[in-house]
Amino acid sequence: MWRAALAAALVCGIGLLPWLTRTDPALTVLKARSADRDPTPEVLAGIRTQLDLDQGPLSLLGQWLGGLWRGDAGRSWLSGDEVTPAVLQALGVSLLLMAVALAVASLTAALVCARTLWLGSHRRLDGRRAGGSGSAVLAALPEFLTASVLATVVGVQLGWLPALGWYGPQWTVLPALALGLPAGAVIGRLLDDLLPGAFAEPWALAAAARGLPGRSIARQAVRRCLPGLLPNLGLFVVGLTGGAVAVEQIFDIPGLGRTTLQAALAQDLPVLQAGTLALVLLAAGAAGLAGLAARLLVGPALRDGALPSLHRPSPPVHGILPFAYGGLLTVVVALGLPRDPLALDTGERLRPPSWSHPFGTDALGRDVLARVAHGAVDTLLLALAIGAASLFTGVLLGLVPRLSGPLVDTVNAIPPVLLALLVTAVAGSGPATPALAVTAVAWAPLAAHTSALLRQERAALHVTATRGLGAGRWYLLRNELLPAALPSVTRHALLRLPGVALALASLAFLGLGAQPPSPEWGLLLAENQPYAERAPWAVLAPAAVLALLGALAVSAAGGARIPRRRRPRTPEPPLEEPSLARELAVTR
């Protein structure tokens with residue numbers, strides 16, 4: 001009922017959007033149909049009569065909801081065609097793209113975890129996380145940049161695969177790579193974080209002692225860790241379906257994300273409502289399947305409180321990689337801050353890197369290093385603030401899964417681009433629009449991760465024993481549950497820090513939020529994207545800084561842990577004369 005109420009509130013809110021934003025729907029439809037036609041009162045009155053806008057929003061919403069029972073989602077305000085076939089066709093395209101992207105993501109995740117699996121199966125892991133920071137580079141690369149590079153190099157220059165359109169299986173490869181590589185890097189890092197705990201469990205030690213093949217132990221370790229990742233896998237399914245707006249725009253794919261975005265821009269409410277409802281139903285279905293799969297994988301141990309704990313205190317990380325990445329990022333910012341990011345020099349347009357311009361210049365002759373450094377200050381501070389707020393909100397809501405579960409599914413069903421458009425329509429466009437949109441959805445994966453880890457930890461043997469000894473809920477939460485979940489969720493939040501910056505960059509790339517001449521990283525990528533072939537340094541510089549941020553976040557996440565509280569030691573009793581049994585033990 002809670003899930004249905006949230007979905008109904010979302011769909012009704014979208015149906016009332018033009019009236020909530022105090023805009024004339026007839027004027028918006030006229031601009032979308034014919035931008036050159038004058039909005040005279042007679043023309044606007046004709047559009048209102050044609051679309052029954054004079055009846056008011058509540059009447060239109062009631063008609064639309066009444067038609068859903070018959071499978072009729074109304075007709076498009078722009079084309080006049082039926083909405084249901086168009087939305088179903090777009091959903092089919094997105095589901096096919098999502099399936100191929102998930103295959104790419106699974107392969108990428110397997111490559112990320114390959115070293116940890118090999119070390120764990122050969123008993124050489126020793127509790128350390130073996131994954132490197134190379135996956136952070138993949139996770140931090142903007143999807144629209146990866147899509148543009150693949151389309152330009154592989155599709156146009158080399159001609160190996162088609163780059164535009166949607167006419168068959170070959171057209172799915174490049175967009176699936178652009179979507180699957182970052183998603184697989186994130187999934188692989190989350191799995192790599194849980195594998196050391198699985199290899200340290202008693203069943204793995206017993207299997208290794210009995211001489212079972214390492215391949216079988218590694219396969220069971222992956223199966224043991226999957227229940228804690230399945231909620232996030234369900235979120236990735238919806239994200240790959242409705243959140244692939246930039247990739248669908250670049251490759252000209254008629255998917256559900258692009259269809260919903262175009263309907264939101266034109267305020268074509270029947271299409272927008274049907275597309276949003278399809279995403280919400282997809283999110284509910286993915287969440288239900290993920291929960292069912294988790295219960296089947298865990299079995300009766302989850303119900304009986306006989307599940308081993310995956311939590312193992314991680315050793316402190318004393319590597320130099322975090323300091324190296326942080327120092328390099330600091331040097332880039334320090335070198336660029338004294339430079340003027342707005343100084344124009346048309347005689348120095350698209351100059352390659354040199355001593356005077358280490359990162360080259362852009363199409364207006366502005367120093368790219370200066371723009372990257374000045375944009376880093378705003379982008380990094382905003383990303384850190386959003387990450388901290390998301391971590392706090394995610395952990396807090398993850399403690400109450402009955403309340404947060406449906407809320408997570410519903411929030412995740414809304415693409416950040418669509419949410420940014422809604423925020424723009426209500427609050428206006430500005431630098432705060434991407435921040436509000438990203439903050440509203442960034443907590444959902446952390447809440448899902450927290451609730452999944454706590455669900456398994458509550459069924460652990462030591463928690464069951466502590467509860468049987470009379471421990472209360474607050475004691476269990478403070479001393480058993482939170483210490484087991486917070487380190488992994490904190491590392492997850494740090495891993496998603498580049499993703500937050502990437503989401504801000506994606507919204508700026510689509511024209512939402514910061515406007516020229518602001519040096520925001522997403523805007524830098526959008527401005528220099530047309531010159532990627534002639535001046536690749538103008539695009540690679542902000543992309544490299546994003547990748548550097550991802551490597552820094554992952555290397556720093558390895559040391560995220562909660563220090564154990566020291567318990568007061570009880571004084572030992574004075575030594576007495578050894579008993580006969582102790583003498584025999586010593587003798588032996």
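Visitor: What does the side chain of Thr 260 reach at 2.7 Å?
Guide: The side chain of Thr 260 reaches the backbone oxygen of Leu 256, at 2.7 Å. A polar contact is a pair of N or O atoms within 3.5 Å; within protein, one must be able to donate a hydrogen and the other to accept it, and residues adjacent in sequence count only if both atoms are side-chain atoms.

Visitor: Good to know! What kind of model is this?
Guide: This is a predicted model, in which local features need pLDDT of at least 70 and side-chain atom pairs count only at pLDDT 80 or more, while totals for chains, interfaces and linings use all residues. Residues are numbered from 1 along each chain as its sequence is written, and side-chain values use heavy atoms, with hydrogens and water left out.

Visitor: Why is Thr 260 called buried?
Guide: Its relative accessible area is 3%, and buried means under 20%, exposed over 50%, partly exposed in between (1.4 Å probe, protein chains only). Therefore Thr 260 counts as buried. Thr 260 sits in helix H13, residues 256-266; helices (H or I, at least four residues) and strands (E, at least two) are DSSP runs, numbered from the N terminus.

Visitor: What makes Trp 160 exposed?
Guide: Trp 160 has 64% relative accessibility, so it passes the cut-off of over 50%. You will find Trp 160 in the loop between H8 and H9.

Visitor: What makes a group of residues a nonpolar core?
Guide: The members are buried Ala, Val, Leu, Ile, Met, Phe, Trp, Tyr and Cys residues joined through side-chain atoms within 4.5 Å. The largest such core here has 56 residues, and those with the most contacts inside it are Leu 179, Leu 195, Phe 199 and Phe 251. Helix H9 gives the most to this core, with 13 residues.

Visitor: Which residues does Leu 195 contact, leaving aside its neighbours within four places in sequence?
Guide: Contact means heavy atoms within 4.5 Å. The partners of Leu 195 include Cys 113, Leu 117 and Val 222.

Visitor: How much of the chain is buried?
Guide: Of its 588 residues, 50% count as buried.
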